[in-house]
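Biologist: I'm new to this one. Could you walk me through how to read it?

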Amino acid sequence: MSISPAKLAAGLVAAATIAVCAVCAGLAGSVIAHAQSSALYTDAQAQKGVDAYENNCAMCHGANMEGASGVTLLGPTFTSHYETIGDLMQFIVQNMPKNDPGTLSHDDYVDILAFILLKNGWPSGNQTLTFGGANSSRVPLTQASPSEPPPSQAPPTQAQQDPSQSN
Ligand code: HEC
């Protein structure tokens, strides 16, 4: 019994995909090192932030942060109100939820901040955001913009596809 051309092709594609991914994985380390200042939180934190946001913020700021009785938490006008990530974190911890400020756990505040960063186009990474780190962060909030999709959705750059091009 012979292997059909279609099966052979599928096998080759799978092998090629694995080879490409091995290259990606090797490069990921240097990419993360480069993007360290902007990859401030992990996917897991943002994911937990979805629930914490729904339970504590969505009733005033809308299910998608689009704004309701509270203002929108999306876009450049919103982020322009704060110089740094730390400024935003401090505002939230001291003033929100508006009906009961400062009452959430440190973890909930951090996770919600991660979710807000995600929704505003900030990439996630390997670095876990801490409560202290978020409060004292001097990273400018305007660094990422909503028009830039997170890297997971962006097509690979030329440098990622062709390692010979990178030093
Ligand atoms: C009871 C309603 C209510 C809840 C709950 C609430 N907020 Fe607000 N929030 C507001 C209102 C109203 C404003 C408008 C500014 C003000 O009056 O302080 C606001 C303003 C903000 C701002 C400033 C927006 C800007 O443009 O600078 C942030 C950030 C924020 N809220 C985050 C949160 C987060 C995060 C939560 C959940 C932990 C939350 N809020 C829960 C009502 C609420």
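Biologist: What order do the elements of the protein chain run in from the N terminus on?

Modeller: They go α-α-α-α-α-α-α-α, giving 8 helices and 0 strands. Helices (H or I, at least four residues) and strands (E, at least two) are DSSP runs, numbered from the N terminus. Keep in mind that this is a predicted model: local features need pLDDT of at least 70, side-chain atom pairs count only at pLDDT 80 or more, and totals for chains, interfaces and linings use all residues. Residue numbers start from 1 along each chain as its sequence is written.

Biologist: How do I read two packed helices?

Modeller: Two packed helices are described by the angle between their axes and the distance between the axes. Here, α2 (residues 43-56) and α6 (residues 106-119) pack at about 105°, their axes 7 Å apart. Axes are lines fitted to C-alpha atoms, for helices over the stretch in contact, with angles from 0 to 180 degrees between N-to-C directions. So α2 and α6 are roughly perpendicular (65 to 115 degrees; under 35 is roughly parallel, over 145 roughly antiparallel, the rest oblique).

Biologist: Which residues in α2 meet α6?

Modeller: Among them are Q45, A46, G49 and Y53 in α2, meeting residues of α6 that include V110, I112, F115 and L118. Contact is C-beta atoms, placed from the backbone, within 7 Å. Ala, Val, Leu, Ile, Met, Phe, Trp, Tyr, Cys and Pro count as nonpolar, Asp, Glu, Lys and Arg as charged, and the others, Gly among them, as polar.

Biologist: Which residues of α2 are buried?

Modeller: Q45, A46, G49, A52 and Y53, and they pack against α3 and α6. Buried means 20 or more other C-beta atoms within 10 Å of a residue's own, exposed 12 or fewer, partly exposed in between, with C-beta atoms placed from the backbone. As for spacing, an α-helix has 3.6 residues a turn, so residues three or four places apart point the same way. Of the chain's 167 residues, 22% count as buried.

Biologist: Where is P123 placed?

Modeller: P123 sits in the loop between α6 and α7 (131-136). With 20 C-beta neighbours inside 10 Å, P123 counts as buried. The C-alpha atoms of P123 and S38 are separated by 6.7 Å, though these residues are 85 apart along the chain.

Biologist: And the ligand: which residues around it come nearest?

Modeller: Of the 20 residues around the ligand, C57, C60, G70, M96 and P97 do (a residue is near if its C-beta atom, placed from the backbone, lies within 6 Å). That shell divides into 12 nonpolar, 7 polar and 1 charged.

Conventions: Two residues are in contact if their C-beta atoms, placed from the backbone, lie within 7 Å.
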